[in-house]
Amino acid sequence: MSDFEGFPKQSVTFLTDLKKNNNKDWFHREKQGYETYIMEPARTFVVEMGRRLRSIAPHINAIPKVNQSLFRIHRDTRFSHDKTPYKTNLGVWFWEGKRKRMECSGFYFHYGDGKLMLGVGMHVLSSELLKRYREAVADEKLGPELVRSANKIAKQGYAIGVKHYKRVPRGYDSQHPRVEFLLHKGLTASVEEKLPEVFFSPKIVDYTFSHFKRMEPIHQWLRKVMD
C-alpha cells in the first residue's frame, strides 16, 4: 500500500505565498508549513513514483532526500542579479546510470506558478558526454533511431530539446541529415501544462507515469549511448 495521497492544496498556496514573501524571516517563520505541505508529500511521491518507474527503468534512483531526488529550495545566488534566497517551485529527479545524478539521463517532475512540467532525458551534457552524443547522432544506426523516436514523441505533443548552438560543431558536415540534433546541448522531451486536478490525488502518480512512458524512448536512447 502507498502512503502517497496526492499533493495537498496547501503546497500550491505555500509556494504562492513564498513568491510574495521571498525572504529568510518569512521562510523561517513558515518552515513547518514547508515541511508539512511540500517535503512530506514529496518524499512519499518519490517512493511511489520510483516503484512505478522501475517497470520501465529497472535501475532508477528514487531517493527521497534533498540533493538526491529532491532539489534544494535554496537558490544559488552567487552569480545572479536576483538575490531572492528561495526557489518558488519544487523539482524532483529520478535518474538511471552509474555516474553522478546530474550526469545521467532520467525523469523530471516540477511544479510551481500553477503549472506542472514533466521531462525526460539530459538537459545539459558535459563536454565529454556531448562528444559521445554527437558521435551517436552521426552514427548510421544510432542517429536514425534517435530521429524515429523523437518524431514519434513530438507527434504526441511533446517538445524535443535542447537546441542551443547556432553553428555546426567542428568536424561535422553542415549539410548533415541530422544537423538539427548536432546543434543540441542536451537531449530532452518535455511537456508543460496547467496544474491538473489529479495533482491533488494519488492519481497524479498514474498521470505522471503515463507521460514518462510516452517520452521514455529518449531516456533509453541516451542510456544506450552514454553507458
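Reply: Strand 3 and strand 5 pair in the antiparallel sense, with eight bridges between them. Two strands count as paired here if DSSP finds at least two bridges between them. Helices (H or I, at least four residues) and strands (E, at least two) are DSSP runs, numbered from the N terminus. Within strand 5, Thr188 is the bridge partner of Gly121.

A word on the source: this is a predicted model, in which local features need pLDDT of at least 70 and side-chain atom pairs count only at pLDDT 80 or more, while totals for chains, interfaces and linings use all residues. Residues are numbered from 1 along each chain as its sequence is written, and side-chain values use heavy atoms, with hydrogens and water left out.

Strand 5 (residues 184-194) also runs antiparallel to strand 4, joined to it by four bridges. There, Lys163 stands opposite His184 of strand 5. Altogether, five strands form an open sheet in the order 1-2-3-5-4, with antiparallel pairing. Strand 1 (90-96) and strand 4 (159-163) are the edge strands, each pairing on one side only. On average, neighbouring strands of this sheet are turned by 20 degrees against each other, direction ignored.

Now for the helices. Helix 3 (residues 31-53) lies across strand 1 and strand 2 (105-112), and runs at about 25 degrees to strand 1. Axes are lines fitted to C-alpha atoms, for helices over the stretch in contact, and angles run from 0 to 180 degrees between N-to-C directions. Helix 7 (residues 203-226) packs on the sheet too, touching strand 1, strand 2, strand 3 (115-122) and strand 5. The direction of helix 7 makes about 20 degrees with that of strand 3.

Helix 3 has another partner: helix 1 (residues 9-20) packs with helix 3 at an angle of about 130 degrees, their axes 8 Å apart. The two helices are therefore oblique to each other; angles under 35 degrees count as roughly parallel, over 145 as roughly antiparallel, 65 to 115 as roughly perpendicular and the rest as oblique. Where they meet, Gln10, Ser11, Phe14 and Leu15 of helix 1 face Gly33, Tyr34, Tyr37 and Ile38 of helix 3 in contact (heavy atoms within 4.5 Å).

Ala42 is also in helix 3. Ala42 is buried, at a relative accessible area of 0%; buried means under 20%, exposed over 50% and partly exposed in between, with a 1.4 Å probe and protein chains only. Leaving aside neighbours within four places in sequence, Ala42 is in contact with Phe7, Leu70 and Leu90.

Over in strand 1 sits Gly91, buried with a relative accessible area of 4%. Beyond neighbours within four places in sequence, Gly91 is in contact with Ser69, Leu70, Phe71, Tyr108, Phe109 and His110.

Phe109 leads us to the largest nonpolar core, which has 60 residues; Phe94, Phe109, Tyr111, Tyr133 and Trp221 touch the most other members. Helix 7 gives the most to this core, with ten residues. A nonpolar core is a set of buried Ala, Val, Leu, Ile, Met, Phe, Trp, Tyr and Cys residues joined through side-chain atoms within 4.5 Å. Apart from this core lies another, of five residues, including Phe71, Trp93, Trp95 and Cys104.
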